[in-house]
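Dear colleague,

Please find below the structure that I am handing over to you.

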Amino acid sequence: MCETAPPVLIQGGMGVAVSGWRLARAVARTGQLGVVSGTALDITLARRLQRGDPGGHLRRALARFPVPAIAERVLSRYFVPGGTEPGQPYRPVPRLGLRPNRARDELIVVANFAEVFLAREGHDGVIGVNYLEKVQLATPAAVYGAMLAGADYVLMGAGIPAEIPHLLDEFAAHRPAEITVTVAGADDTRHTIGLDPAALSPRPAEPLRRPKLLAIVSSHVLAAYLARSPQTRPDGFVVETPVAGGHSAPPRGRLRLDAAGEPLYGPRDEVDTGKVAALGLPFWLAGGYGTPDGLARALAAGATGVQAGSAFALCRESGFDDGLRRRLLRDAAAGTLEVRNDPRASPTGFPFKVAQVPGTLSEPGIHQRRPRLCDLGYLRTPYVKPDGAVGYRCPAEPVDTYVRKGGAAEEAAGRQCLCNGLTAAIGLGQHRGDGYREPALLTLGQEAAFLDGLPENHSAADVVHRILLGAPA
(Lines give C-alpha, C1' and ligand atoms only; values in the text may rest on other atoms or scores of the structure.)
Protein backbone atom coordinates (compact mmCIF):
# COMPACT_ATOMS: atom_id res chain seq x y z
CA MET A 1 0.00 0.00 0.00
CA CYS A 2 1.49 3.37 -1.02
CA GLU A 3 1.69 6.12 1.54
CA THR A 4 -1.32 8.18 0.60
CA ALA A 5 -3.66 10.41 2.55
CA PRO A 6 -5.87 8.37 4.90
CA PRO A 7 -9.47 7.87 3.74
CA VAL A 8 -12.13 10.32 4.83
CA LEU A 9 -14.81 7.62 4.93
CA ILE A 10 -14.57 4.14 6.42
CA GLN A 11 -17.29 1.65 5.62
CA GLY A 12 -17.86 -0.11 8.91
CA GLY A 13 -17.20 -3.79 9.45
CA MET A 14 -20.53 -5.50 10.04
CA GLY A 15 -20.79 -9.20 10.63
CA VAL A 16 -21.40 -11.94 10.23
CA ALA A 17 -20.59 -11.17 6.52
CA VAL A 18 -22.94 -8.21 6.11
CA SER A 19 -19.74 -6.38 5.19
CA GLY A 20 -18.70 -8.96 2.65
CA TRP A 21 -16.22 -8.72 -0.17
CA ARG A 22 -18.74 -7.29 -2.66
CA LEU A 23 -19.55 -4.35 -0.38
CA ALA A 24 -15.94 -3.66 0.58
CA ARG A 25 -14.83 -3.80 -3.06
CA ALA A 26 -17.60 -1.40 -4.14
CA VAL A 27 -16.55 1.12 -1.48
CA ALA A 28 -12.82 0.77 -2.24
CA ARG A 29 -13.53 1.51 -5.90
CA THR A 30 -14.80 4.96 -4.85
CA GLY A 31 -11.46 5.74 -3.21
CA GLN A 32 -12.61 5.18 0.38
CA LEU A 33 -11.82 2.37 2.84
CA GLY A 34 -13.87 -0.76 2.20
CA VAL A 35 -13.94 -3.18 5.13
CA VAL A 36 -14.83 -6.87 5.23
CA SER A 37 -16.04 -8.43 8.45
CA GLY A 38 -13.61 -11.08 9.65
CA THR A 39 -16.07 -12.60 12.13
CA ALA A 40 -16.91 -16.28 11.53
CA LEU A 41 -15.49 -16.34 7.99
CA ASP A 42 -14.68 -20.03 8.45
CA ILE A 43 -18.38 -20.93 8.76
CA THR A 44 -19.45 -18.64 5.92
CA LEU A 45 -16.82 -20.05 3.55
CA ALA A 46 -17.69 -23.64 4.47
CA ARG A 47 -21.44 -23.10 4.02
CA ARG A 48 -21.07 -21.22 0.74
CA LEU A 49 -18.90 -24.02 -0.61
CA GLN A 50 -21.56 -26.50 0.48
CA ARG A 51 -24.09 -24.45 -1.47
CA GLY A 52 -21.99 -25.05 -4.57
CA ASP A 53 -20.10 -21.73 -4.61
CA PRO A 54 -22.48 -19.89 -7.00
CA GLY A 55 -20.44 -17.89 -9.49
CA GLY A 56 -17.26 -19.76 -8.58
CA HIS A 57 -15.84 -16.77 -6.70
CA LEU A 58 -14.53 -18.69 -3.70
CA ARG A 59 -12.87 -21.31 -5.86
CA ARG A 60 -11.24 -18.53 -7.89
CA ALA A 61 -9.84 -17.05 -4.69
CA LEU A 62 -8.70 -20.41 -3.33
CA ALA A 63 -6.86 -21.07 -6.58
CA ARG A 64 -4.65 -18.11 -5.68
CA PHE A 65 -3.91 -19.24 -2.13
CA PRO A 66 -0.10 -19.52 -1.81
CA VAL A 67 -0.20 -23.09 -0.46
CA PRO A 68 -2.33 -25.09 -2.95
CA ALA A 69 -2.40 -28.23 -0.81
CA ILE A 70 -4.19 -26.38 2.00
CA ALA A 71 -6.77 -24.91 -0.36
CA GLU A 72 -7.37 -28.35 -1.83
CA ARG A 73 -7.96 -29.84 1.62
CA VAL A 74 -10.57 -27.18 2.37
CA LEU A 75 -12.29 -27.71 -0.98
CA SER A 76 -12.34 -31.47 -0.67
CA ARG A 77 -13.92 -31.24 2.78
CA TYR A 78 -16.61 -28.64 2.09
CA PHE A 79 -17.27 -28.07 -1.62
CA VAL A 80 -20.43 -29.74 -2.95
CA PRO A 81 -20.80 -29.45 -6.75
CA GLY A 82 -24.27 -28.12 -7.49
CA GLY A 83 -24.92 -27.52 -3.79
CA THR A 84 -26.53 -29.63 -1.08
CA GLU A 85 -30.19 -30.58 -1.29
CA PRO A 86 -32.64 -28.00 0.13
CA GLY A 87 -33.11 -28.48 3.86
CA GLN A 88 -29.93 -30.56 4.21
CA PRO A 89 -28.00 -29.56 7.36
CA TYR A 90 -24.65 -27.89 6.79
CA ARG A 91 -21.54 -29.81 7.71
CA PRO A 92 -19.99 -28.41 10.91
CA VAL A 93 -16.58 -26.77 11.11
CA PRO A 94 -14.01 -27.25 13.91
CA ARG A 95 -14.93 -25.12 16.91
CA LEU A 96 -12.58 -22.54 18.34
CA GLY A 97 -10.47 -23.65 21.27
CA LEU A 98 -7.07 -23.40 22.92
CA ARG A 99 -5.88 -26.81 21.79
CA PRO A 100 -3.99 -26.85 18.47
CA ASN A 101 -6.13 -27.95 15.53
CA ARG A 102 -4.52 -27.84 12.09
CA ALA A 103 -7.77 -28.29 10.16
CA ARG A 104 -9.35 -25.39 12.07
CA ASP A 105 -6.37 -23.09 11.52
CA GLU A 106 -6.18 -23.92 7.82
CA LEU A 107 -9.87 -23.20 7.32
CA ILE A 108 -9.67 -19.85 9.15
CA VAL A 109 -6.54 -18.77 7.27
CA VAL A 110 -7.99 -19.76 3.90
CA ALA A 111 -11.37 -18.14 4.61
CA ASN A 112 -9.82 -14.80 5.57
CA PHE A 113 -7.48 -14.93 2.59
CA ALA A 114 -10.38 -15.56 0.21
CA GLU A 115 -12.55 -12.73 1.56
CA VAL A 116 -9.77 -10.15 1.41
CA PHE A 117 -8.54 -11.42 -1.98
CA LEU A 118 -11.99 -11.01 -3.53
CA ALA A 119 -12.44 -7.58 -1.94
CA ARG A 120 -9.11 -6.40 -3.41
CA GLU A 121 -9.67 -7.90 -6.85
CA GLY A 122 -9.91 -5.58 -9.85
CA HIS A 123 -9.01 -2.18 -8.35
CA ASP A 124 -6.21 -0.31 -6.59
CA GLY A 125 -8.24 0.96 -3.63
CA VAL A 126 -7.72 0.13 0.05
CA ILE A 127 -9.30 -2.78 1.93
CA GLY A 128 -9.53 -3.39 5.65
CA VAL A 129 -10.73 -6.31 7.73
CA ASN A 130 -12.62 -5.97 11.00
CA TYR A 131 -12.23 -8.31 13.99
CA LEU A 132 -13.68 -8.54 17.49
CA GLU A 133 -11.34 -8.75 20.46
CA LYS A 134 -14.08 -10.85 22.08
CA VAL A 135 -13.41 -13.62 19.51
CA GLN A 136 -9.77 -14.02 20.56
CA LEU A 137 -9.45 -17.69 19.72
CA ALA A 138 -9.72 -17.02 15.97
CA THR A 139 -7.59 -13.89 15.81
CA PRO A 140 -4.05 -15.13 14.96
CA ALA A 141 -5.10 -17.45 12.12
CA ALA A 142 -7.62 -14.92 10.80
CA VAL A 143 -5.15 -12.03 10.79
CA TYR A 144 -2.44 -14.06 9.05
CA GLY A 145 -4.87 -15.17 6.34
CA ALA A 146 -5.92 -11.56 5.72
CA MET A 147 -2.29 -10.45 5.57
CA LEU A 148 -1.49 -13.16 3.02
CA ALA A 149 -4.13 -11.56 0.79
CA GLY A 150 -2.69 -8.07 1.25
CA ALA A 151 -5.11 -6.40 3.68
CA ASP A 152 -4.27 -2.71 4.03
CA TYR A 153 -5.95 -2.14 7.42
CA VAL A 154 -6.97 -4.22 10.42
CA LEU A 155 -9.74 -2.73 12.57
CA MET A 156 -10.51 -4.22 15.97
CA GLY A 157 -13.06 -3.42 18.66
CA ALA A 158 -15.15 -5.10 21.37
CA GLY A 159 -12.21 -5.13 23.74
CA ILE A 160 -8.68 -3.80 24.15
CA PRO A 161 -6.44 -4.79 21.20
CA ALA A 162 -3.19 -4.08 23.06
CA GLU A 163 -1.31 -7.11 21.67
CA ILE A 164 -2.31 -6.72 18.02
CA PRO A 165 0.52 -4.34 16.96
CA HIS A 166 3.08 -6.99 17.96
CA LEU A 167 1.05 -9.72 16.24
CA LEU A 168 1.10 -7.73 12.99
CA ASP A 169 4.84 -7.05 13.28
CA GLU A 170 5.66 -10.73 13.77
CA PHE A 171 3.37 -12.04 11.05
CA ALA A 172 4.76 -9.52 8.56
CA ALA A 173 8.10 -11.29 9.01
CA HIS A 174 6.40 -14.74 8.90
CA ARG A 175 7.44 -15.34 12.51
CA PRO A 176 5.27 -17.21 15.02
CA ALA A 177 3.15 -15.02 17.26
CA GLU A 178 0.52 -15.36 19.96
CA ILE A 179 -1.94 -13.33 21.98
CA THR A 180 -3.18 -13.71 25.54
CA VAL A 181 -6.59 -15.33 25.93
CA THR A 182 -8.84 -14.34 28.79
CA VAL A 183 -9.76 -17.47 30.78
CA ALA A 184 -12.22 -17.08 33.65
CA GLY A 185 -10.76 -18.29 36.94
CA ALA A 186 -7.22 -18.60 35.60
CA ASP A 187 -5.74 -16.28 38.27
CA ASP A 188 -2.12 -15.58 37.26
CA THR A 189 -1.84 -18.42 34.73
CA ARG A 190 -1.36 -17.04 31.22
CA HIS A 191 -3.22 -18.80 28.40
CA THR A 192 -2.39 -18.04 24.80
CA ILE A 193 -3.47 -18.76 21.25
CA GLY A 194 -1.05 -18.36 18.39
CA LEU A 195 0.03 -19.41 14.93
CA ASP A 196 3.37 -20.43 13.46
CA PRO A 197 3.32 -19.54 9.75
CA ALA A 198 6.02 -22.16 9.16
CA ALA A 199 3.48 -24.83 10.14
CA LEU A 200 1.48 -23.86 7.06
CA SER A 201 4.32 -23.52 4.57
CA PRO A 202 8.06 -22.87 4.39
CA ARG A 203 8.95 -19.28 5.22
CA PRO A 204 8.75 -17.13 2.06
CA ALA A 205 11.72 -14.96 1.18
CA GLU A 206 9.72 -11.76 1.04
CA PRO A 207 8.05 -10.27 4.12
CA LEU A 208 4.35 -9.46 4.09
CA ARG A 209 3.16 -5.88 4.05
CA ARG A 210 2.09 -4.92 7.57
CA PRO A 211 -1.44 -3.53 7.64
CA LYS A 212 -2.24 -0.44 9.65
CA LEU A 213 -4.19 -1.04 12.85
CA LEU A 214 -7.22 1.05 13.79
CA ALA A 215 -8.47 0.42 17.31
CA ILE A 216 -12.23 0.87 17.75
CA VAL A 217 -12.80 2.58 21.09
CA SER A 218 -15.62 4.30 22.95
CA SER A 219 -13.61 6.54 25.26
CA HIS A 220 -10.64 8.89 25.17
CA VAL A 221 -9.33 7.07 28.26
CA LEU A 222 -8.96 3.81 26.33
CA ALA A 223 -7.42 5.64 23.39
CA ALA A 224 -4.81 7.21 25.68
CA TYR A 225 -4.09 3.84 27.29
CA LEU A 226 -3.36 2.22 23.93
CA ALA A 227 -1.31 5.18 22.66
CA ARG A 228 0.94 5.26 25.73
CA SER A 229 3.51 2.77 24.41
CA PRO A 230 4.94 1.73 21.03
CA GLN A 231 4.07 -1.87 21.91
CA THR A 232 0.34 -1.12 22.18
CA ARG A 233 -0.04 1.95 19.98
CA PRO A 234 -2.34 1.54 16.96
CA ASP A 235 -2.06 3.61 13.78
CA GLY A 236 -5.34 5.38 14.53
CA PHE A 237 -8.72 5.12 16.20
CA VAL A 238 -12.36 4.72 15.30
CA VAL A 239 -14.32 6.39 18.11
CA GLU A 240 -17.84 4.95 18.39
CA THR A 241 -20.85 6.46 20.15
CA PRO A 242 -23.51 4.24 21.79
CA VAL A 243 -25.94 4.58 18.83
CA ALA A 244 -23.66 2.61 16.46
CA GLY A 245 -25.03 -0.74 15.29
CA GLY A 246 -24.04 -4.10 16.73
CA HIS A 247 -22.26 -4.11 20.09
CA SER A 248 -21.62 -0.95 22.07
CA ALA A 249 -19.70 -0.37 25.25
CA PRO A 250 -21.85 -0.42 28.41
CA PRO A 251 -22.30 2.86 30.29
CA ARG A 252 -19.51 3.71 32.69
CA GLY A 253 -20.41 3.10 36.31
CA ARG A 254 -23.49 1.28 37.54
CA LEU A 255 -25.81 0.09 34.77
CA ARG A 256 -29.10 2.00 34.79
CA LEU A 257 -31.97 1.37 32.38
CA ASP A 258 -34.59 3.74 31.02
CA ALA A 259 -38.35 3.06 30.94
CA ALA A 260 -37.92 0.96 27.78
CA GLY A 261 -35.25 -1.20 29.41
CA GLU A 262 -32.32 0.27 27.46
CA PRO A 263 -29.03 1.41 29.01
CA LEU A 264 -28.83 5.03 30.08
CA TYR A 265 -25.69 6.88 28.97
CA GLY A 266 -24.53 10.10 30.59
CA PRO A 267 -21.76 12.70 30.56
CA ARG A 268 -19.15 10.17 31.65
CA ASP A 269 -19.76 8.26 28.41
CA GLU A 270 -19.10 11.24 26.15
CA VAL A 271 -15.76 11.15 24.34
CA ASP A 272 -13.50 14.17 24.66
CA THR A 273 -12.41 14.43 21.03
CA GLY A 274 -9.90 17.11 21.96
CA LYS A 275 -8.04 14.59 24.12
CA VAL A 276 -8.17 12.02 21.31
CA ALA A 277 -6.81 14.58 18.83
CA ALA A 278 -4.00 15.46 21.27
CA LEU A 279 -2.67 11.89 20.96
CA GLY A 280 -1.43 12.81 17.48
CA LEU A 281 -2.99 9.86 15.66
CA PRO A 282 -5.72 10.03 13.01
CA PHE A 283 -9.21 9.22 14.21
CA TRP A 284 -12.66 8.73 12.73
CA LEU A 285 -16.01 9.24 14.48
CA ALA A 286 -18.72 6.59 14.21
CA GLY A 287 -22.28 6.11 15.39
CA GLY A 288 -24.66 8.73 13.98
CA TYR A 289 -22.01 10.41 11.78
CA GLY A 290 -22.92 8.79 8.44
CA THR A 291 -24.42 11.95 6.90
CA PRO A 292 -23.00 15.12 5.31
CA ASP A 293 -23.75 16.97 8.53
CA GLY A 294 -22.11 14.20 10.57
CA LEU A 295 -18.97 14.45 8.46
CA ALA A 296 -18.88 18.24 8.91
CA ARG A 297 -19.21 17.84 12.68
CA ALA A 298 -16.46 15.24 12.76
CA LEU A 299 -14.03 17.34 10.74
CA ALA A 300 -14.77 20.33 12.95
CA ALA A 301 -13.86 18.19 15.97
CA GLY A 302 -10.46 17.43 14.48
CA ALA A 303 -11.29 13.96 13.11
CA THR A 304 -9.85 12.64 9.86
CA GLY A 305 -13.34 11.56 8.83
CA VAL A 306 -16.16 9.23 9.76
CA GLN A 307 -17.07 5.56 9.79
CA ALA A 308 -20.55 4.66 8.56
CA GLY A 309 -22.35 1.34 8.76
CA SER A 310 -26.13 1.24 8.57
CA ALA A 311 -26.54 2.93 5.17
CA PHE A 312 -24.03 0.45 3.73
CA ALA A 313 -25.79 -2.46 5.46
CA LEU A 314 -28.94 -1.63 3.50
CA CYS A 315 -27.32 -0.98 0.10
CA ARG A 316 -27.51 -3.37 -2.87
CA GLU A 317 -24.02 -4.80 -2.26
CA SER A 318 -24.74 -5.66 1.38
CA GLY A 319 -24.38 -9.23 2.54
CA PHE A 320 -27.82 -9.27 4.20
CA ASP A 321 -30.31 -11.77 2.83
CA ASP A 322 -31.98 -9.64 0.16
CA GLY A 323 -35.52 -10.17 1.42
CA LEU A 324 -34.51 -9.10 4.93
CA ARG A 325 -32.53 -6.17 3.58
CA ARG A 326 -35.50 -4.87 1.61
CA ARG A 327 -37.76 -5.25 4.65
CA LEU A 328 -35.33 -3.27 6.80
CA LEU A 329 -34.95 -0.66 4.08
CA ARG A 330 -38.69 -0.26 3.68
CA ASP A 331 -39.34 0.07 7.42
CA ALA A 332 -36.40 2.43 7.94
CA ALA A 333 -37.52 4.65 5.05
CA ALA A 334 -41.06 4.73 6.45
CA GLY A 335 -39.80 5.67 9.90
CA THR A 336 -41.37 2.58 11.47
CA LEU A 337 -38.22 0.60 12.18
CA GLU A 338 -37.40 0.30 15.87
CA VAL A 339 -33.85 -0.63 16.87
CA ARG A 340 -33.53 -1.52 20.54
CA ASN A 341 -30.26 -1.34 22.48
CA ASP A 342 -30.77 -4.60 24.33
CA PRO A 343 -28.61 -4.99 27.44
CA ARG A 344 -29.33 -8.74 27.66
CA ALA A 345 -29.28 -10.09 24.10
CA SER A 346 -25.56 -10.61 23.59
CA PRO A 347 -23.68 -13.40 25.39
CA THR A 348 -20.72 -10.99 25.64
CA GLY A 349 -22.53 -8.86 28.22
CA PHE A 350 -22.19 -5.79 25.99
CA PRO A 351 -25.39 -4.00 24.92
CA PHE A 352 -26.41 -5.05 21.40
CA LYS A 353 -28.67 -3.27 18.90
CA VAL A 354 -31.55 -5.51 17.82
CA ALA A 355 -33.78 -4.42 14.93
CA GLN A 356 -37.39 -5.21 15.81
CA VAL A 357 -38.61 -7.15 12.76
CA PRO A 358 -41.50 -9.66 12.81
CA GLY A 359 -40.40 -13.19 12.01
CA THR A 360 -36.94 -12.74 13.50
CA LEU A 361 -35.48 -13.44 16.94
CA SER A 362 -36.53 -9.96 18.04
CA GLU A 363 -40.06 -11.36 18.29
CA PRO A 364 -40.43 -12.75 21.83
CA GLY A 365 -42.40 -15.82 20.74
CA ILE A 366 -39.79 -16.83 18.18
CA HIS A 367 -37.02 -16.33 20.71
CA GLN A 368 -38.84 -18.45 23.27
CA ARG A 369 -39.53 -21.26 20.78
CA ARG A 370 -35.91 -21.48 19.68
CA PRO A 371 -34.17 -24.43 21.35
CA ARG A 372 -31.26 -23.15 23.44
CA LEU A 373 -28.03 -24.58 22.09
CA CYS A 374 -24.51 -23.44 21.34
CA ASP A 375 -23.18 -25.36 18.36
CA LEU A 376 -21.06 -22.64 16.68
CA GLY A 377 -19.40 -21.23 19.79
CA TYR A 378 -17.67 -18.06 18.59
CA LEU A 379 -18.70 -16.21 21.76
CA ARG A 380 -17.94 -19.00 24.21
CA THR A 381 -15.83 -18.02 27.20
CA PRO A 382 -12.95 -20.27 28.27
CA TYR A 383 -12.97 -21.06 31.99
CA VAL A 384 -10.96 -23.18 34.42
CA LYS A 385 -12.81 -26.33 35.49
CA PRO A 386 -12.48 -27.77 39.01
CA ASP A 387 -9.89 -30.28 37.77
CA GLY A 388 -7.74 -27.47 36.36
CA ALA A 389 -8.56 -28.15 32.71
CA VAL A 390 -10.03 -25.45 30.47
CA GLY A 391 -13.67 -25.71 29.44
CA TYR A 392 -15.96 -23.44 27.43
CA ARG A 393 -19.36 -21.96 28.28
CA CYS A 394 -21.82 -19.50 26.79
CA PRO A 395 -24.78 -17.76 28.49
CA ALA A 396 -26.89 -18.55 25.39
CA GLU A 397 -26.52 -22.31 25.82
CA PRO A 398 -29.06 -24.34 27.86
CA VAL A 399 -29.30 -22.76 31.29
CA ASP A 400 -28.70 -25.98 33.24
CA THR A 401 -25.61 -26.66 31.13
CA TYR A 402 -24.30 -23.16 31.75
CA VAL A 403 -24.91 -23.43 35.49
CA ARG A 404 -23.24 -26.85 35.61
CA LYS A 405 -20.16 -25.19 34.10
CA GLY A 406 -20.06 -22.63 36.88
CA GLY A 407 -22.11 -19.86 35.29
CA ALA A 408 -24.92 -18.05 37.08
CA ALA A 409 -28.50 -18.64 35.94
CA GLU A 410 -29.24 -14.91 35.99
CA GLU A 411 -26.42 -14.33 33.50
CA ALA A 412 -28.23 -16.58 31.01
CA ALA A 413 -31.61 -14.84 31.19
CA GLY A 414 -32.65 -13.21 27.92
CA ARG A 415 -29.52 -14.16 25.99
CA GLN A 416 -29.74 -14.66 22.24
CA CYS A 417 -27.61 -16.96 20.09
CA LEU A 418 -25.89 -14.26 18.05
CA CYS A 419 -23.74 -16.79 16.17
CA ASN A 420 -26.68 -18.62 14.62
CA GLY A 421 -28.96 -15.57 14.36
CA LEU A 422 -26.44 -13.40 12.50
CA THR A 423 -25.49 -16.28 10.20
CA ALA A 424 -29.17 -16.72 9.32
CA ALA A 425 -29.36 -12.97 8.56
CA ILE A 426 -27.10 -13.50 5.55
CA GLY A 427 -29.09 -16.48 4.27
CA LEU A 428 -26.81 -19.18 5.72
CA GLY A 429 -28.88 -20.29 8.70
CA GLN A 430 -28.63 -23.91 9.74
CA HIS A 431 -31.35 -26.40 8.75
CA ARG A 432 -31.48 -28.92 11.55
CA GLY A 433 -32.19 -32.60 11.20
CA ASP A 434 -35.62 -32.28 12.84
CA GLY A 435 -36.71 -29.70 10.24
CA TYR A 436 -36.10 -26.65 12.43
CA ARG A 437 -34.51 -23.70 10.61
CA GLU A 438 -32.57 -21.05 12.49
CA PRO A 439 -34.32 -17.63 12.49
CA ALA A 440 -32.42 -14.44 11.77
CA LEU A 441 -31.28 -11.76 14.20
CA LEU A 442 -30.83 -8.30 12.65
CA THR A 443 -28.82 -5.32 13.85
CA LEU A 444 -28.54 -1.71 12.68
CA GLY A 445 -27.60 1.62 14.20
CA GLN A 446 -30.21 3.59 16.11
CA GLU A 447 -29.72 6.86 14.23
CA ALA A 448 -32.23 6.92 11.33
CA ALA A 449 -30.95 9.95 9.39
CA PHE A 450 -28.52 7.81 7.38
CA LEU A 451 -31.14 7.23 4.64
CA ASP A 452 -31.92 10.92 4.09
CA GLY A 453 -31.23 11.88 0.49
CA LEU A 454 -30.46 8.37 -0.73
CA PRO A 455 -32.36 6.90 -3.69
CA GLU A 456 -34.58 3.86 -3.31
CA ASN A 457 -32.56 0.61 -3.27
CA HIS A 458 -29.34 2.61 -3.15
CA SER A 459 -25.81 1.43 -3.93
CA ALA A 460 -22.60 1.67 -1.92
CA ALA A 461 -21.41 4.43 -4.27
CA ASP A 462 -24.61 6.37 -3.53
CA VAL A 463 -23.76 6.27 0.18
CA VAL A 464 -20.20 7.46 -0.39
CA HIS A 465 -21.25 10.35 -2.62
CA ARG A 466 -24.07 11.36 -0.30
CA ILE A 467 -21.78 11.58 2.73
CA LEU A 468 -18.84 13.21 0.98
CA LEU A 469 -20.62 15.45 -1.51
CA GLY A 470 -24.11 15.78 -0.08
CA ALA A 471 -25.71 14.06 -3.08
CA PRO A 472 -25.98 10.48 -4.39
CA ALA A 473 -23.90 9.31 -7.33
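Accessible areas come from the Shrake-Rupley method with a 1.4 Å probe, and for residues only the protein chains shown count as cover. On that basis, the accessible surface of the protein chain is about 19,500 Å², and carbon and sulfur atoms contribute 52% of it.

This is a predicted model, in which local features need pLDDT of at least 70, side-chain atom pairs count only at pLDDT 80 or more, and totals for chains, interfaces and linings use all residues. Residues are numbered from 1 along each chain as its sequence is written, and side-chain values use heavy atoms, with hydrogens and water left out.

Overall fold

The protein chain has 17 helices and 14 strands; these are DSSP runs numbered from the N terminus (helices H or I, at least four residues; strands E, at least two). The radius of gyration is 21 Å, close to the 23 Å that the globule rule gives for 473 residues, so the chain is as compact as a globular protein of that length. The radius is taken over C-alpha atoms, and the rule is 2.2 Å times the number of residues to the power 0.38. Along its principal axes the C-alpha trace spans about 55 × 50 × 50 Å.

Of the 473 residues, 56% are buried (under 20% relative accessible area, with exposed over 50% and partly exposed in between; 1.4 Å probe, protein chains only). Among contacts (heavy atoms within 4.5 Å) with a separation of 6 or more, 67% join residues 24 or more positions apart.

Salt bridges

The whole structure contains 20 salt bridges, each a side-chain nitrogen of Lys or Arg within 4 Å of a carboxyl oxygen of Asp or Glu. Three of them are described here.

In one, E170 and R175 meet at 2.8 Å, N to O. E170 is buried at 14% relative accessible area, whereas R175 is partly exposed at 35%.

In another, the closest N and O atoms of D235 and R210 are 3.3 Å apart. This pair links distant parts of the chain, 25 residues apart: D235 lies in the loop between α8 (220-227) and β8 (236-240), and R210 in the loop between β6 (191-195) and β7 (212-217). D235 is partly exposed at 30%, as is R210 at 29%.

D375 and R432 form a further bridge, with the closest N and O atoms 2.8 Å apart. D375 sits in the loop between α13 (364-369) and β13 (381-384), and R432, 57 residues away, in the loop between α16 (418-425) and α17 (460-469). R432 is buried at 17%, while D375 is partly exposed at 27%. Salt bridges with shared partners join R370, D375, R432 and E438 into one network.

With kind regards
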